[in-house]
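Hi,

Here is the structure I promised to pass on.

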Amino acid sequence: IKHALLESEKKFKKKFNIIMDLDVTAPLRETKDIINAKKLFQSKKYENLISVCESRKNPYFNMVELNKNGVKLVKDKKLFSRRQDAPKVFDINASIYMWKRSTLLKIKKVVTSKTGLFLMPKSRSIDIDDYHDFKIVEKFLKN
């Protein structure tokens with residue numbers, strides 16, 4: 001994206017202040033999502049913004065990992081007996097990424113302490129990563 005930005009600026013002889021990445025694998029995103037994400041990005045003066053949806057799983061409650069010592073909760077510092085008591089977590093839905101030009105050129109990570117979150121509904125947050133995801137999106141679009 002950095003390379004594309006710099007090459008576009010050379011070609012069009014213009015500097016772009018806001019850079020957006022709208023992944024093609026997120027076809028359920030709507031125009032209003034892009035418009036509202038940009039409004040939020042500008043009003044809150046974020047360095048960058050990513051779109052998210054509420055996560056179905058919570059690493060503080062119901063996600064485990066397997067290591068050399070066996071199975072353990074992903075986040076085991078504090079155990080929660082109810083999912084509702086665990087901190088709220090979000091899935092990056094790969095639909096909208098947005099940066100200030102200066103931020104994009106200097107950071108190496110997508111998420112920083114100055115990243116804003118744009119919450120989208122799960123119904124528009126399916127990211128096509130495999131054939132199963134494709135079939136789900138195909139069914140949504142047919143209906």
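Let's start at α4, where Asp130 caps the N-terminal end: one of its side-chain oxygens sits 3.1 Å from the backbone nitrogen of His132. α4 itself has twelve residues and reaches 16 Å from first C-alpha to last, close to the 16 Å expected at 1.5 Å a residue (the expected span is 1.5 Å times one less than the number of residues).

Some ground rules: this is a predicted model, with local features needing pLDDT of at least 70 and side-chain atom pairs pLDDT 80 or more, while totals for chains, interfaces and linings use all residues. Numbering runs from 1 along each chain as its sequence is written, and side-chain values use heavy atoms, leaving out hydrogens and water.

In the loop between β6 (115–119) and α4 (131–142) you'll find Arg124. Arg124 is buried at 15% relative accessible area (buried means under 20%, with a 1.4 Å probe and protein chains only). Leaving aside residues up to four places away in sequence, Arg124 touches Leu28, Arg29, Glu30, Lys32 and Asp33 (contact means heavy atoms within 4.5 Å).

Then there's the sheet: open, four strands, order β1-β5-β2-β6, mixed pairing (strands pair if DSSP finds at least two bridges between them). Its edge strands are β1 (18–21) and β6, each pairing on one side only. β1 pairs with β5 (residues 90–100) in the antiparallel sense over four bridges, and Met20 has Met98 in β5 as its bridge partner.

Cheers

Note on methods. Helix = DSSP H or I, 4+ residues; strand = E, 2+ residues; numbered from the N terminus. Buried < 20%, exposed > 50% of the residue type's maximum accessible area, 1.4 Å probe, protein only. Polar contact = N/O pair within 3.5 Å; in protein donor to acceptor, adjacent residues only side chain to side chain.
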